[in-house]
Amino acid sequence: MTEPSHAVFLSYASQDAEAAQRICEALRAAGIEVWFDQSALRGGDVWDQTIRKQIKTCVLFIPVISRHTHEREEGYFRLEWKLAVDRSHLMTADKAFLLPVVIDDTREDDERVPDKFRDVQWTRLPRGETPSGFVERVRRLVSPEPSQVPTMTVRLAGTVSTATPQMKGRVPAFWRLKGGVPAVAAVVVLGALAYLAVDKLWILKHLAPPAAPPTFPPGAASVGFAPPLHSIAVLPFVNMSGDPKQEYFSDGLTEELLNSLARINELQVAGRTSSFYFKGKDVDLGTVAHKLNVAAVLEGSVRRSAHTVRITAQLINAVTGFHLWSQTYDRDLGDVLKLQSEIADAVAGALKVTLLGDTVAKIELGGTHNPDAFDAYLRAEKAYRAVRSARSDQDAIAAYTKAIHLDPGYALAFAGRSLALGEIAGEFTNEPADVRPTFQKAEADAQRAIELAPELAEGHLALAGALFFGSLDFTRGIEQYERAVALAPGNTQILRIYGRTAVQMGRTEAGIAASRQAVVLDPLSARSHDELGQALFYARRHEEGLAALKDAITLEPGYERAYGFAGLHYYALGNLQSARASGEVCPENYRCQLCLALTYKKLNRHTDAEAAVTKLTTLGGDTLAYQYAEIYTQWGDTARALQWLETAMRLRDPGLASLETDPLMDPVRREPRFQAIERELKFPE
């Protein structure tokens, strides 16, 4: 029996000799033995026997892939590839042997490379330029330390391996999120090292040479970086399907996994917007962790076929840069729900979190085992999270409806459709007669979601919105918001909506605390900062509110609502020129026009103020009855203000939710007609 060597075999097409030489020199400089055939004429019995022996005994096989290997239908490198693949079939699943590198922009779905190569993630070394991180990775593979044994691939469609991954190698600085990398819900990375290339190892695409020293100093934690112990960010998983149209699926799976982790109360999970902020950006993992203030980062990839999905994920300690856990799963599409709970449980275990209660039941709550229903739900979620518009909400409602048709017990789909219907009613319905029926549909869907899954936080969130803004039942509405927060204290969407509404109901400190926590969890979300700015407006803390809204605008300069509320804060502070400038940024936004109507009047630009009111009627008609009451109150026209307030009551205008704490309504609070309306609305104590 031939004993294995500690050599690396480097296989390449002759046109790529220069790039292969660079790789070889970098490895040899580190003391790694490399078999690198530089024969001008290849072939013959002696050459053939030598090559076969070397491939049979090498410890690692590195095929160099390029456009040249794609273009060449024949070549000795193809024989080398075949011999290496044949040998790999005789190895155990946890053996790291194949380590493909690509030296140009050749895609990983290249049909002219062996399937076995496509099963593992490629390392990109443009023109053969070889960073130190890759050299270190090869060195570890060639002579692994006892504690650095690669993890096993788990094929969950059948028998499940019980291999437990341990803390592994450090993440080099050149492992970056690159532009064009689709986000995806995850394939668990094999290999216990960040650079441990094992079968099914997932590594982010498009590796580039380091432009700076490593983000994580070897063996040392970042100075001054002390995030919460059990905090984590889930980065968008990479779409490995080869079809860009499947990105909704990988993005959706990422978000579902993020939500699964957020349901574990012992974890602090960065919000969706902040995690997806880095999608397609050239940012190293250390920077991501610092910006989100998290102790760990979960990343991965998804490869979907007709009936199955391969999910690869890896967990990295953001303080030290070392891997904590990695795994790969192959599953039927109908088993994705169960897989989410298994990954979440594994992540919690790797972070040494003691789980309380039935975590699996919490994670799988409200989900579906119907793959077609799940697919429709992910499409609905993508539409709902698109640019806010009536069209995107209608598309979402149609997809949620399809999911419900395919699985009538899909509670999350009912909750999602309820939220989309509520947004249609509250934001995009111009006919007052249509508002109430739409809210009633939203309420019915929310009730059904809770019937199916009583502990589903999203169901209680949806019901809270329907009661609060549809029925103007503020007492039951705030109770449902509080129930949602209790069930999912780490859900940023719930925290920010509850925060604003709690302040509107006079529960100022609890509301602001929730709003600030939403910002902590989702610091790169313009909406989180905007909702905090709104809550602070109703709390009459205008300087703080302006600061929050400026943060929202910095993150997303096109976020229109932030300009409107920023203008109202300036107005309340008496800074009329800044209020005017802020309101004029977004003339098609009703909040901006409200701000302008108030500000122009104070500036004695009466014609412009009247024009702003006319613009408002064009934008929303009588659905903005409450806003007209605010305007005429500030203009000092008490009779018209109260008339519009009574109209708002008759139309059940959702804007009335602000009445109790709205600073703009202060001048008429002592009016008997105002107080009668206030009593009729039955605000909670």
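Tutor: A residue is called buried when its relative accessible area is under 20%, exposed when over 50%, and partly exposed in between, with a 1.4 Å probe and protein chains only. Strands (E, at least two residues) and helices (H or I, at least four) are DSSP runs numbered from the N terminus. This is a predicted model, in which local features need pLDDT of at least 70 and side-chain atom pairs count only at pLDDT 80 or more, while totals for chains, interfaces and linings use all residues. Residues are numbered from 1 along each chain as its sequence is written, and side-chain values use heavy atoms, with hydrogens and water left out.

The strand to look at is S7, residues 231–234, which is covered on both faces: Ser231 and Ala233 are buried on one side, and Ile232 and Val234 are buried on the other. Two strands are taken to pair if DSSP finds at least two bridges between them. By that rule S7 pairs in the parallel sense with S9 (residues 268–269) over two bridges, and three bridges join S7 to S11 (residues 296–304), also in parallel.

Turning to the rings, centres within 6.5 Å make a pair of Phe, Tyr or Trp (its six-membered ring), with planes under 30 degrees apart counted as stacked, over 60 as edge-to-face and the rest as tilted. The whole structure holds 18 such aromatic pairs. In one of them, the rings of Tyr277 and Phe278 have centres 5.5 Å apart and planes at 85 degrees, so this pair is edge-to-face; Tyr277 is partly exposed at 30% relative accessible area, whereas Phe278 is buried at 2%. Phe537 and Phe565 are also edge-to-face, at 5.7 Å centre to centre and 75 degrees between the planes.

As for the cysteines, a disulfide requires two cysteine sulfur atoms within 2.5 Å, and a search of the whole structure finds zero. For Cys592 the closest cysteine sulfur, in Cys586, is 4.5 Å away, which is too far for a bond. Cys592 is buried, with a relative accessible area of 0%, and Cys58 is likewise buried at 0%.
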